[in-house]
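Dear colleague,

I am passing on the structure we spoke about, which you will find just below, and after it I have set out what I found on going through it.

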Amino acid sequence: MQIRHLSGNVYPKALDVEKYDFSSADQRKFYGGRKVLSGLAGLVLDHSWVALSVAFVAGAIVGSFLNVCIYRLPTELSIFWPPSRCGSCGQSIRWYDNIPLISYWVLRGRCRHCGTRFAMRYFWIELLTALVFSVGFWWVVQRDGHGFVTQGGASLFTREEVQALDGLAAEQRLRALQEKITLRLMGVWLYDMVLVSLLVVATFTDIDTMTIPLRWTVSGTVLGCLAGAWVAWPWPMAAELPNLSPWERQLVQYGGIVNTGTIMPVPLGAQMWPIWFPLPDWLPPGSWWTGLANAIAGAVFGTLLMRLIRGVFSWAFRREALGLGDADLMMLIGAFLGWQGVLVTLTAAVFLALGYGLFLLITARGRELPFGPFLAGGALLTLWGAAWLMRPAQAMFFDLPLLLLLAGAFTILSVFLGMAIRLITLILWAR
Ligand SMILES: [Zn+2]
C-alpha cells in the first residue's frame, strides 16, 4: 500500500465512514492498545470547532499561568506557591475571580477587596496565548501546516501499522490513517505549544526587566531536550527511511529526484532537522538518543554562537552589546529547533529587529526593545515556516565543505566588521 500517494486526500476532509471493526490484535498494533486515543482523534476529525474551542480554552488557562510566571520569575518567588494574591492588599484571589479572560471583565479589571486596578496586560496575554493555541491547532493539526502529509519525504506509517489495516475496506483504511495522523499532529502541536509558552514568558520578562531569568531558560532547555527525546526526528514520520544507495542519499541531501520522478527531500519532523543527514549508524532515526543529540547540539550551538557575536560586538562598541539572557534564550530555542533552526532564527530575528528599528525611525514613537522578543519572533517564524524554508536550505545545511566555508566567511566578516566599528568609534571618541 503506497501511503505517500494518499497524501493529497488524507487532509483536510474527514471521511465519514461507518465505525470500522479492527480485530483486537490489529487494534493493538495500530493504536498500541489505546482505544481512547482513537476516540479522541475521531472527535477532532468530526467536530473541528469543538476541538478548536477546547484548544482556545486550554490556551487561556496556560496564558493565565504564564502571567504568574512573568510576574513572579524576576522576583525569585516560586511560580507555584502561594496562590495568586492582589499585589496591593495581599488578599488571595478566589478561584471564581481567577477565571482566564472572563474574570477580568466581571470585576472590571479591579480587585474585589480593595478596588486596585489590575493591568490590562494580564487579559491581553491570556487572549494572545489562547489565540496562538487555537490558531496553532488549526494550522498544525487541521491544516498540516508543517507539511508532513503534503510535503513529507518519507512514509508516515511503519510497515506493521499498515499491515494492521489489511482486513479493512478501503474507506475504513483511510479513516484509520486519518485518525492516526491526527493523533501524531496533536503530539507535534503539544511540542510547539511548549516552546511557544516558554517564548511568551521570555519575551515579556525581557520587555519588563531587560533580562530573561536564568532559571526559566535553563528549565526550558531541559524541557526541550526531554521533548526532543520524546519526538525524536523524523517523528511523526516513520523512522524507517527508504532503502537508498549512497548515491541516492546524496541526491536526497540536495532535494534531488529519486525513483520515478518523486522529489525526495530530507523528511521533516517535529524536531525539524536531524543533527546531520544521513545520520551516522550509531544515531538511528527515531531513537530517543538521536532526539537528545539533536536537542543538545542545538542548545550548545545556540548559546556559543550568541556568545561569540556578543563578544565581538562588545569589544567593537566598547560597551556591553546583547545580554547574556539572549544567549540563554537562544540555547532554549536551539534545544527545540536544532542547530539549523538557530541560524534561521537569528537571521529572521535580525530582520525583525531592523524592521522595528525602521518603524521607530519613521514614526518617531514607541520605545526601544531588547533583542529577546525578536529572537522569540524569529523562532516562531522558523517553527511555522520550516516546511517552505527547508527545501532551499537543506543543500547548505548538510554539506560539510560548504558549511565550513560559510562558517569561515562568517567569522572573518564579523571580525572585520568588529574592527571597522572599533576603528570608527575610536576616531569619533578621539575628537
Ligand atoms: Zn486588593
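I begin with a detail in the loop between α5 and α6 (121-142), where arginine 108 lies. This is a predicted model, and in it the phi of arginine 108 is near 50°, a positive value in a residue other than glycine. Arginine 108 counts as exposed, because it has 9 C-beta neighbours inside 10 Å. A second residue of this kind is aspartate 144, whose phi, near 55°, is likewise positive although the residue is not glycine. Aspartate 144 belongs to the loop between α6 and α7 (148-151), and it is buried, with 22 other C-beta atoms within 10 Å.

Tryptophan 81 and proline 82 are joined by a cis peptide bond with omega about -5°, and proline 82 sits in the loop between α4 (48-72) and α5 (102-106). The bond from tryptophan 233 to proline 234 is cis as well, with omega near 5°, and proline 234 has its place in the loop between α10 and α11 (246-253). As background to these backbone details, most residues other than glycine have a negative phi, and most peptide bonds are trans.

As for the overall picture, the secondary structure comes to 15 helices and two strands, and of the 431 residues of the protein 39% count as buried. Among contacts between residues at least 6 apart in sequence, 78% join residues at least 24 apart.

Two helix pairs deserve a description. The axes of helix α9 (residues 170-209) and helix α10 (residues 214-230) come within 11 Å and cross at roughly 170°, which makes α9 roughly antiparallel to α10. On the α9 side the contact is made by Tyr191, Val194, Leu198, Val201 and Ala202, and on the α10 side by Trp216, Thr217, Gly220, Leu223 and Ala227.

The crossing in which α12 passes α15 is right-handed. From α12 the contact takes in Ile309, Val312, Phe313, Trp315, Ala316 and Phe317, and from α15 Ser414, Val415, Gly418, Ile421, Arg422 and Thr425; the residues of this contact of α12 with α15 divide into eight nonpolar, three polar and one charged.

To return to α9, isoleucine 207 is found in that helix and is partly exposed, with 15 other C-beta atoms within 10 Å. Leaving aside residues up to four places away in sequence, isoleucine 207 touches Leu369, Pro370 and Pro373.

Finally, a word on confidence. The mean pLDDT of the protein is 84, and 87% of its residues reach 70 or more. Among the elements, α10 has the highest mean pLDDT (96) and helix α1 (residues 7-10) the lowest (38). Over residues 1-12 pLDDT stays under 50, and for them the model has 17 contacts beyond four places in sequence. Where pLDDT is low, the predicted coordinates should not be read in detail.

With best wishes

Notes: Residues numbered from 1 in each chain as written. Predicted model: local features only at pLDDT ≥ 70, side-chain atom pairs only at ≥ 80, totals over all residues. Axes fitted to C-alpha atoms, helices over the stretch in contact; angles between N-to-C directions. Helix = DSSP H or I, 4+ residues; strand = E, 2+ residues; numbered from the N terminus. Parallel < 35°, antiparallel > 145°, perpendicular 65-115°, else oblique. Contact = placed C-beta atoms within 7 Å. pLDDT = per-residue confidence, 0-100. Left-handed = near helix turned anticlockwise from the far one by under 90°. Nonpolar A, V, L, I, M, F, W, Y, C, P; charged D, E, K, R; others polar. Buried ≥ 20, exposed ≤ 12 C-beta atoms within 10 Å, placed from the backbone.
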